[in-house]
Amino acid sequence: MTTLLPTGFQAAALAAGIKPSGKTDLTAVVSASPCAWAFAGTRSAAAAASVGRARQLYDAGLPLRAVLVNAGNANAATGAGGAADDAELGQLLAAALSVSPESVLTASTGIIGHRLPMEKVRAGVPRLADSVQNDVDLHAQAIMTTDTRPKIAERTLRGGQRLVGVAKGSGMIHPDMATMFSFVYSDAAIDQSALRAAFPAIVARTFNAVTVDGDTSTNDMAAVLCNSASGAADTAEFLQALEEVMRDLAREIARDGEGATTLLTVKVTGAGSEPDALLAARTCAASPLLKSAVHGRDPNWGRVIMALGRSGARLNLDNLRVGVQGVPVFHAQPLKYDAVAVSRAMNTDEVVFEIDLAVGSAKGEAWGCDLSAEYVRINAEYTT
């Protein structure tokens with residue numbers, strides 16, 4: 001079923017020839033009115049040109065009118081020429097829409113170390129502006145690389161305002177700010193200062209709590225755009241809905257990890273602080289040993305203890321608790337349990353580990369996936 005964008009937004013997508021597969025690889029979402037926005041970009045020291053430009057736009061504080069994304073080429077580690085190419089992307093769409101280049105957010109994803117095929121891009125961008133429609137599915141599909149399916153989430157507020165979010169990501173997923181790509185569009189009127197103040201903490205609890213393989217991308221980016229077309233919304237209600245949309249997308253990214261067969265959820269309670277809880281949870285979710293155990297349906301809780309011990313999170317081993325699929329397996333010492341029965345319980349599409357660090361009252365949750373031979377195959381053959 002087609003997912004419609006919030007009022008005032010339209011999307012377009014086409015195949016510009018960036019992806020060798022011939023699939024759609026250039027897409028834009030355009031707002032009829034200026035948007036308040038918040039943004040987070042990767043803290044990788046090798047950040048792509050699009051992330052650097054996005055930070056400049058963000059610091060300027062000007063409203064946005066459009067998001068332009070290309071998939072198949074990361075335009076990362078491409079030097080000054082790559083930065084010029086990214087700037088031209090914004091200029092091309094701005095000219096086609098008769099808006100300022102500073103109101104166009106650009107994003108790129110794909111293979112690192114290659115310049116964009118600008119002749120193809122120059123031919124494609126004007127066609128985007130001529131083909132916009134109220135259909136977010138095209139946009140969600142066009143931003144994919146090794147994803148097996150588009151990722152879309154939405155919420156509707158009491159006043160009728162809507163939030164619709166899309167994301168892409170399947171491999172090179174261990175964000176250090178936000179995630180892969182995620183863009184949330186809303187027709188609610190929200191104060192930009194309040195939105196920006198709340199966004200980092202929401203990112204920390206959602207996109208920064210997801211991991212597939214422990215590798216942080218050069219191009220990770222998350223943004224939310226609000227165009228006010230459907231009037232003012234309660235700020236607290238809006239922020240709660242935004243977090244729910246971003247949480248749904250984060251879980252879908254983990255579920256669609258390259259080669260994954262199982263979503264791995266790690267729930268931590270009893271932490272000394274929320275950052276500690278999130279650190280402990282994501283360290284466990286990122287552990288290749290624990291991920292392999294999940295793939296083999298092996299309730300090897302010792303790998304949880306190992307990951308917690310190196311995580312840097314404070315814990316009380318004398319009262320630490322660990323459970324697998326609701327079955328207690330450790331409380332200060334090994335507990336008796338039916339390993340065969342727990343293994344059978346792990347033979348499902350989501351495996352949950354529950355951990356009590358026993359040092360406080362804070363909690364956090366992270367999501368990952370199992371590690372399969374298919375992950376190795378996909379990445380061994382990625383460019384060849």
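Visitor: Which residue just after α1 takes a positive phi?

Guide: This is a predicted model, where local features need pLDDT of at least 70, side-chain atom pairs count only at pLDDT 80 or more, and totals for chains, interfaces and linings use all residues. Residues are numbered from 1 along each chain as its sequence is written, and side-chain values use heavy atoms, leaving out hydrogens and water. Helices (H or I, at least four residues) and strands (E, at least two) are DSSP runs, numbered from the N terminus. Phi is about 75 degrees just after α1, at G61.

Visitor: Which elements do the buried residues of α1 pack against?

Guide: Buried means under 20% relative accessible area, exposed over 50%, partly exposed in between (1.4 Å probe, protein chains only). Among the buried residues of α1 are V51, L57 and Y58. Contact means heavy atoms within 4.5 Å. The partners are β2, α2 (79–97), β4 (104–111), α5 (192–205) and β8 (221–226).

Visitor: What is the geometry of the W37 and Y58 pair?

Guide: Rings of Phe, Tyr and Trp (its six-membered ring) pair if their centres lie within 6.5 Å; planes under 30 degrees apart count as stacked, over 60 as edge-to-face and the rest as tilted. There are six aromatic pairs in the structure. For W37 and Y58, the centres are 5.1 Å apart and the planes at 75 degrees, so the pair is edge-to-face.

Visitor: Which residue lies over the face of Y58?

Guide: A charge sits over a ring if NZ of Lys or CZ of Arg is within 6 Å of the ring centre and within 35 degrees of the ring normal. W37 has such a neighbour at 5.3 Å, namely R196. For Y58 the distance is 3.7 Å, and the residue is R196.

Visitor: Which strands stand at the edges of the five-stranded sheet?

Guide: Two strands pair if DSSP finds at least two bridges between them. The open sheet has the order β11-β10-β12-β9-β13, with mixed pairing. Each edge strand has a single partner, so one side is left without a neighbour in the sheet: these are β11 (327–331) and β13 (362–369).
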